[in-house]
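Subject: Structure handover and findings

Hello,

Here is the structure you asked for. My notes on it follow below.

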Amino acid sequence: MWTFLSGIFLGWGLGSNDSANIFGTGVAANIIKYRTAIILISICVLIGALLEGPKCFATVGMFSKLSTTTAFGAALAAGIIVALMSYLSLPVSTSQAIIGSLLGIGIIYGFADFGKLYKVIICWVLTPIGAMVVSIVLYKVLRFLFERVILDLRLRSFFLTGGLVVAGCYGAYALGANNVANVTGVYVGSGLLNPLGAAAIGGLSIASGVLTYSRKVMRTIGMRIVPMDAYSAVVSTLSQAITIHLFTQVGVPVSASQAIVGAIVGVGIIKDVKTVSKRMLAEIGIGWISTPLLSGLLSYSIMEVLRGGA
Amino acid sequence: MIWVKKESNVIDLILKLISKIEECLRASMDTIQHYLKAEIDEAKEMAKKTDHLETETDEIRREVEGLLFSGAFLPNLRGDVHVLVEAMDKIADSAEACCDFAIGQRPEIPDDFKSDFLTIAADSIYSYDPLKEAVENLFSEKGKDVSIVREMVKEVGIRESDVDDLEWKLTRRIFTSALPLAQKLHIQYWLEKITNISDRIEDASDCLNSLIFKTRI
């Protein structure tokens with residue numbers, strides 16, 4: 001049972017951080033109350049994890065043959081890196097953290113399969129790019145609807161508020177479906193849990209992070225995005241959700257944080273305004289290398305310690 | 001529409017506000033006309049009506065503010081709606097100030113200036129008409145026609161500029177006349193109060209312009 005603790009810790013960290021990508025804008029702009037937002041996210045994350053979460057378990061498990069101890073070490077290393085990067089306010093991807101961890105452990109035991117890594121790396125790179133493309137298309141299509149059909153200001157207000165809530169719920173669903181594999185995929189790989197049990201434990205641990213420790217991050221991230229108008233916020237949230245949901249269908253866990261940044265860049269391209277700083281983009285680029293590398297090193301170190309103690 | 005009840009209430013109140021301001025401006029025009037005809041009792045009566053209508057516009061503004069702060073409209077639009085309502089309320093304030101000045105201080109307008117005062121007052125006050133049309137269009141249930149709103153906002157600007165021209169010419173006539181300096185200053189101050197109405201109308205149209213910009217996608 002203790003082996004699950006590291007996964008629950010990782011899920012908690014994921015929930016506390018990534019909920020900001022979903023409803024940060026709405027909460028910071030007072031469109032939706034924080035309490036309502038976290039309840040909606042928790043429910044939708046759990047539904048997403050249970051219904052579609054198992055689709056990504058195979059990808060997480062394919063890099064290493066896991067035992068109880070290695071599953072524990074991988075989730076612990078990823079959890080620590082996620083917590084550390086969050087503490088330093090750096091955008092962090094749990095997907096990159098857990099894959100890095102698994103590869104680190106795989107190196108020790110000599111079964112790391114770098115050959116399978118290309119598919120995942122392509123998906124990581126395509127996440128912000130894909131979200132950007134989706135947001136550009138969505139912005140244009142929905143703008144046509146809003147400018148030609150919904151002319152009454154009252155209805156516009158209603159549709160934008162409702163749109164933000166619906167997009168947020170879909171985003172939470174997609175997050176649960178895509179990212180639950182990062183949290184408990186290692187336990188499926190090690191045979192400790194069946195996919196449904198892993199989805200349930202993972203979904204609940206993500207929800208626990210959302211419910212207990214997401215306020216600060218949600219405010220911070222929300223404030224970063226809040227200069228956007230409501231329409232752009234709806235489009236970027238929806239684009240992020242569609243993007244990570246698409247990657248769920250190919251079975252690869254990706255970063256929700258990087259998807260939202262890509263979506264915001266897309267909105268900025270359409271509106272010809274600067275929505276994201278070069279620094280934020282550089283941080284994403286650095287994150288692609290540093291997060292898996294640090295997780296790999298840490299999991300390697302943890303396993304060395306555990307092996308030495310054994 | 002139950003799901004947009006707060007927004008509907010705000011819009012109903014704004015539409016009520018623009019009608020009330022129009023009434024207030026017409027009462028102030030009547031005040032000026034009666035005053036220039038030396039019909040002081042009638043002018044006082046109309047000035048009272050102006051005061052009363054201005055108080056009503058204040059009440060409507062406060063009601064709108066209450067609804068806005070309780071969450072009507074999206075936050076990024078809420079502030080601009082509030083600013084617009086405040087700016088519109090100031091139009092009624094300026095009409096009231098103009099009447100109060102006439103009744104309270106009784107500026108003595110020489111006969112050969114009276115028709116100019118009347119023309120400027122009418123032009124200043126009726127620059128409200130395009131603003132009213134623009135606001136009604138923006139908040140129409142059928143949906144806004146931005147081109148009409150923009151055209152009307154532009155019209156307000158043209159009318160305000162015309163009033164400024166007339167004001168400048170009359171000010172020059174006043175100060176080149178043989179009137180005592182105190183009287184010159186006194187009637188010029190009333191002229192300023194009259195033209196202040198079109199200035200406030202233009203301010204409100206600027207707020208409207210900003211609101212149109214915010215509602216654009």
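I start with a loop of chain B. Ala38(B) sits in the loop between α1 (5–36) and α2 (40–69) of chain B; helices here are DSSP runs of H or I with at least four residues, numbered from the N terminus. Ala38(B) has a positive phi of about 65° although it is not a glycine. Ala38(B) counts as exposed because its relative accessibility is 54% (buried means under 20% relative accessible area, exposed over 50%, partly exposed in between, with a 1.4 Å probe and protein chains only).

Before the rest, two points on conventions. This is a predicted model, in which local features need pLDDT of at least 70 and side-chain atom pairs count only at pLDDT 80 or more, while totals for chains, interfaces and linings use all residues. Residues are numbered from 1 along each chain as its sequence is written, chains are lettered from A and ligands numbered from 1 in the order in which they are written, and side-chain values use heavy atoms, leaving out hydrogens and water.

Phe73(B) is another non-glycine residue with a positive phi, near 65°. Phe73(B) lies in the loop between α2 and α3 (75–105) of chain B and is buried, with a relative accessible area of 2%.

Salt bridges

A salt bridge is a side-chain nitrogen of Lys or Arg within 4 Å of a carboxyl oxygen of Asp or Glu. In chain B, Glu22(B) bridges to Lys132(B), with the closest N and O atoms 3.1 Å apart. That pair links helix α1 to helix α5 of chain B, 110 residues apart. Glu22(B) is buried at 17% relative accessibility, and Lys132(B) is buried with a relative accessible area of 17%. Arg26(B) forms a salt bridge with Asp129(B), at 3.9 Å between the closest N and O atoms. This pair also runs from α1 to α5 of chain B, 103 residues apart. Arg26(B) is partly exposed at 34%, as is Asp129(B) at 30%.

Helix α5 of chain B

Helix α5 (residues 128–138) of chain B is mostly covered, with 8 of its 11 residues buried. Among them are Tyr128(B), Leu131(B) and Lys132(B). The cover includes α7 of chain A, and from chain B α1, α3, α4 (111–126), α6 (146–175) and α7 (181–215); contact means heavy atoms within 4.5 Å.

Aromatic pairs

The structure holds 8 aromatic pairs over all chains (rings of Phe, Tyr and Trp, the last by its six-membered ring, with centres within 6.5 Å; planes under 30 degrees apart are stacked, over 60 edge-to-face and the rest tilted). The rings of Phe4(A) and Tyr187(A) have centres 5.2 Å apart and planes at 90°, so this pair is edge-to-face. The pair joins helix α1 (residues 4–28) to helix α7 (residues 153–189) of chain A, 183 residues apart. Both Phe4(A) and Tyr187(A) are buried. Phe146(A) and Tyr231(A) also pair edge-to-face, at 5.4 Å centre to centre and 65° between the planes. Tyr139(A), Phe146(A) and Tyr231(A) form one aromatic cluster.

Regards

Notes:
Helix = DSSP H or I, 4+ residues; strand = E, 2+ residues; numbered from the N terminus.
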